[in-house]
Amino acid sequence: VSQSRYQGSIELDDVEYNFNISLPLEKSYELGCSDYILKGIIELKHEKDQFKIDFDPFNNNACNDIITIYKNGKEFEVRIP
């Protein structure tokens with residue numbers, strides 16, 4: 001099994017999470033769109049907690065502030081600032 005170059009660990013609030021970018025993050029630099037990630041999926045894991053962040057929940061590469069966060073199987077639609 002080959003290891004992805006998009007894996008590693010990060011510390012958030014004194015808790016270490018393993019992360020995996022399962023779909024590379026994509027961004028557009030056109031005016032009005034550069035504030036948002038258009039596409040990509042990040043997965044975070046710590047012991048029993050698992051999170052998945054989908055930056056394109058509607059599969060349309062839209063320039064918007066809506067993402068979907070999955071926490072331990074539950075889905076939350078979120079607007080990011």
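User: Why is aspartate 14 called exposed?

Analyst: Buried means under 20% relative accessible area, exposed means over 50%, and partly exposed covers what lies in between, with a 1.4 Å probe and protein chains only. Aspartate 14 has a relative accessible area of 72%, so it counts as exposed. This is a predicted model, in which local features need pLDDT of at least 70 and side-chain atom pairs count only at pLDDT 80 or more, while totals for chains, interfaces and linings use all residues. Residues are numbered from 1 along each chain as its sequence is written, and side-chain values use heavy atoms, with hydrogens and water left out.

User: What makes the phi of aspartate 14 worth a remark?

Analyst: Its phi is near 65°, a positive value in a residue other than glycine. Most residues other than glycine have a negative phi. Aspartate 14 sits in the loop between β1 and β2, and glutamate 47, in the loop between β3 and β4, also has a positive phi, near 45°. Glutamate 47 is exposed, because its relative accessibility is 73%.

User: How do you know which elements the protein chain contains, and in what order do they run?

Analyst: Helices (H or I, at least four residues) and strands (E, at least two) are taken as DSSP runs and numbered from the N terminus. By that rule the protein chain has zero helices and six strands, in the order β-β-β-β-β-β from the N terminus on. Its C-alpha trace spans about 40 × 30 × 25 Å along the principal axes.

User: What makes a group of residues the largest nonpolar core here?

Analyst: A nonpolar core is a set of buried Ala, Val, Leu, Ile, Met, Phe, Trp, Tyr and Cys residues joined through side-chain atoms within 4.5 Å. The largest such set has seven residues, namely Tyr17, Ile21, Ile42, Leu44, Ile53, Phe55 and Ile67. Strands β2 (15–27) and β3 (37–46) each supply at least two of its residues.

User: How do you know whether isoleucine 67 is buried or exposed?

Analyst: Isoleucine 67 has a relative accessible area of 6%, so it is buried, and it lies in strand β5. Contact means heavy atoms within 4.5 Å; not counting residues up to four places away in sequence, isoleucine 67 touches Ile53, Asp54, Phe55, Pro57, Phe76, Glu77, Val78 and Ile80. Isoleucine 42, with neighbours within four places in sequence left aside, is in contact with Asn20, Ile21, Leu25, Phe51, Lys52, Ile53 and Phe55.

User: Why is isoleucine 10 called partly exposed?

Analyst: Its relative accessible area is 37%, and therefore isoleucine 10 is classed as partly exposed. Isoleucine 10 belongs to strand β1 and, leaving aside neighbours within four places in sequence, is in contact with Val15, Glu16, Tyr17, Phe19 and Leu44.

User: What makes lysine 39 and glutamate 26 a salt bridge?

Analyst: A salt bridge is a side-chain nitrogen of Lys or Arg within 4 Å of a carboxyl oxygen of Asp or Glu. The N to O distance between the side chains of lysine 39 and glutamate 26 is 4.0 Å, and the pair is counted as a salt bridge. Lysine 39 lies in strand β3 and glutamate 26 in strand β2, so the pair ties together parts that are 13 residues apart in sequence. With a relative accessible area of 26%, lysine 39 is partly exposed, and glutamate 26, at 40%, counts as partly exposed.

User: How many salt bridges does the structure hold, and why does the one between arginine 79 and aspartate 65 qualify?

Analyst: The structure holds two salt bridges. The side chains of arginine 79 and aspartate 65 meet at 2.7 Å, N to O, in one of them. Arginine 79 lies in strand β6 (residues 74–79) and aspartate 65 in the loop between β4 (49–54) and β5 (66–71), so this pair joins parts that are 14 residues apart in sequence. Arginine 79 is exposed, because its relative accessible area is 59%.

User: Why is glutamate 11 called exposed?

Analyst: Glutamate 11 has a relative accessible area of 53%, so it is exposed; it is found in strand β1 (residues 7–12). Glutamate 11 and glutamate 30 are 19 residues apart in sequence and 32 Å apart in space, C-alpha to C-alpha.

User: What share of the residues of the protein chain counts as buried?

Analyst: Of its 81 residues, 22% count as buried.
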